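Reader: Hi! Could you walk me through this one in plain words?
Author: Happy to, here it comes.

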Amino acid sequence: MDQPTEPRTLPGEPREDGAPAVNGAGPGLRRSEAGCVMESWREERTRSLEDNERSLPSLAAAYSSILRGLGEDPLRQGLVKTPWRAATAMQFFTKGYQEKIVDVLNDAIFDEDHDEMVIVKDIDMFSMCEHHLVPIFGRVHIGYLPNKRVLGLSKLARIVEIYSRRLQVPERLTKQIAVAITEALQPSGVGVVVEATHMCMVMRGVQKMNSKTVTSTMLGVFREDPKTRDEFLTLIRT
Amino acid sequence: MNGHCNSNDVVDVHINNGFSEIIIDTKKSTVHRQHETSRKEAEDKSRLPAIEAAYTCILRELGEDTDREGLLRTPLRAAKAMQFLTKGYHETIYDVLNDAIFDEDHNEMVIVKDIDMFSLCEHHLVPFFGKVHIGYIPNKKVVGLSKLARIVEIYSRRLQVQERLTKQIAMGISEALQPLGVAVVIEAAHMCMVMRGVQKINSRTVTSTMLGVYLEDPKTREEFLTLTNKS
């Protein structure tokens, strides 16, 4: 029997039980023993490689009908295998659903008596807008203040990968990264800044070529102490 | 040449003012010309439900929950977005150009550069985008400058490969204006290479088509490339 652990919160953070389900929700929504609905984005519902293989023919058929609906000829040379390629590509762009944070992190948490800020910045990020199914790309900057436990540095980038390779909105992406690090390490504070270009705004709609969207999540001392926050924001700028 | 290309004609083109070595591959051009107006704007609305249904199926097959708030209208939005991104199929260049060709006694190079371009890779249905630089040497006829950008729009808002896009832009201009030469350079980033596959983030693909004097005369070509700041 699996009892999902209660989500840990930092001081001052509101608990989020009962909030509407976000991406990763659906058939994977589970109830704890107490009967309350767990937020499934914490539970990392996984898609398996077998699921991918099974879905491929229907995905390809859907893409074929899209090509026809757009007025193209699916039988011309350049498009003959496009439904399959597009389907595989889309599965790759949403491979974050195939992975769990716990699989990625478990081995790489170390006890270190270090309590200065650790920053990994300019992590390239590629995601998909959940509203238009069009790419989002940009950079993620992560900083945290360890509390006796540090994380392998590449694991920060892997956390970004898991959450970004999904159908996302930038606000949720930023928060999920921050909360994942918080839950794994219980640090004194976490700061995450995501700076991205949204193709849905650049290629269509308002068509603003140079626009960038910046979202941030500050937890713990990053939220409470302006000086810490300032230090983080300065260091990611330089 | 007649300059009026009916989409159903097989076009055998001999241009007498310096393109004589360029013969359009007639088989290829027929296939592509069939897509010149393969979609009427009025039909878009009626085709939407089918595309929408396809996207709903895609979301489900990817393991998402189509009933969650953020995804409720996504199939419709994605379908409309896709139609917008392929709106180049609505038009031919003659729809756009016919009014804006002017007789001018100008035979120096005209360049419009850094035209932002957004297209869709026909192999993966993933965007590629970049800049287009166009140069031409008029032969008594000049075209409204924004029309060059509109030609880019028409051909880029389709399912494309960059090589074909470059050539179509160049051929479109040369058919409409019969200039002494046309040069088109496209530099683009392909998300299919950046977001997946080899995942080379900084890679750029550059393609070019040189017609007429740009092909024959290295100095003219060099002048164009210098002015468009290829470095």
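Author: Let's begin with a definition: helix axes are lines fitted to C-alpha atoms over the stretch in contact, and angles run from 0 to 180 degrees between N-to-C directions. Helices (H or I, at least four residues) and strands (E, at least two) are DSSP runs, numbered from the N terminus.

Reader: Okay! What is the crossing angle of α2(A) and α2(B)?
Author: The axes of α2(A) and α2(B) cross at roughly 160° and come within 9 Å. That makes α2(A) roughly antiparallel to α2(B). The cut-offs are these: angles under 35 degrees count as roughly parallel, over 145 as roughly antiparallel, 65 to 115 as roughly perpendicular and the rest as oblique.

Reader: Nice. Before we go on, what kind of model is this?
Author: This is a predicted model, where local features need pLDDT of at least 70, side-chain atom pairs count only at pLDDT 80 or more, and totals for chains, interfaces and linings use all residues. Residues are numbered from 1 along each chain as its sequence is written, chains are lettered from A and ligands numbered from 1 in the order in which they are written, and side-chain values use heavy atoms, with hydrogens and water left out.

Reader: What's the mean pLDDT of chain A?
Author: The mean pLDDT of chain A is 84, and 81% of its residues reach 70 or more. pLDDT is the predictor's confidence in each residue, from 0 to 100.

Reader: And where does pLDDT stay under 50 in chain A?
Author: One such stretch is residues 1-22 of chain A, with 35 contacts beyond four places in sequence. Another is residues 24-42 of chain A, where pLDDT is below 50 and the model has 43 contacts beyond near neighbours in sequence. Contact means heavy atoms within 4.5 Å.

Reader: Back to the α2 pair. Is the crossing left-handed or right-handed?
Author: α2(A) passes α2(B) in a left-handed crossing. A crossing is left-handed if the near helix is turned anticlockwise from the far one by less than a right angle, and right-handed if clockwise.

Reader: Which residues meet there?
Author: From α2(A), they include L59(A), A62(A), Y63(A) and I66(A), and from α2(B), they include I51(B), A54(B), Y55(B) and I58(B). If you click on I66(A), you'll find that I66(A) touches I51(B), A54(B), Y55(B), I58(B) and M82(B), not counting residues up to four places away in sequence.

Reader: How many residues has the largest nonpolar core?
Author: That core has 46 residues, and those with the most contacts inside it are Y63(A), I66(A), Y55(B) and I58(B). Chain A's α2 (49-69), α3 (82-93), β2 (118-129) and α7 (199-202) each give two or more residues to this core, and so do α2 (44-61), α3 (74-85), β2 (110-121) and α7 (191-194) of chain B. A nonpolar core is a set of buried Ala, Val, Leu, Ile, Met, Phe, Trp, Tyr and Cys residues joined through side-chain atoms within 4.5 Å. Buried means under 20% relative accessible area, exposed over 50%, partly exposed in between (1.4 Å probe, protein chains only).

Reader: How many helices and strands has chain B?
Author: Chain B has 9 helices and 7 strands. Of its 231 residues, 55% count as buried. Chain A also has 9 helices and 7 strands, and 55% of its 238 residues count as buried.

Reader: What about α5 and α6 of chain A, how do they cross?
Author: The axes of α5 (residues 153-164) and α6 (residues 170-185) of chain A come within 10 Å and cross at roughly 135°. That makes α5(A) oblique to α6(A). The crossing of α5(A) past α6(A) is right-handed. Among the residues making the contact are L156(A) and I159(A) of α5(A), and L173(A) and A180(A) of α6(A).

Reader: And α5 and α6 in chain B?
Author: There, α5 (residues 145-156) and α6 (residues 162-177) have axes that come within 10 Å and cross at roughly 135°. α5(B) and α6(B) are therefore oblique to each other, and α5(B) passes α6(B) in a right-handed crossing.

Reader: New topic! Is T66(B) buried or exposed?
Author: T66(B) counts as buried, at 13% relative accessibility. T66(B) lies in the loop between α2 and α3 of chain B, and its contacts include T56(B), L59(B) and L71(B).

Reader: Last one: what's the phi of Q186(A)?
Author: Phi of Q186(A) is near 45°, a positive value in a residue other than glycine. Q186(A) sits in the loop between α6 and β6 (189-198) of chain A, and is partly exposed, with a relative accessible area of 22%.
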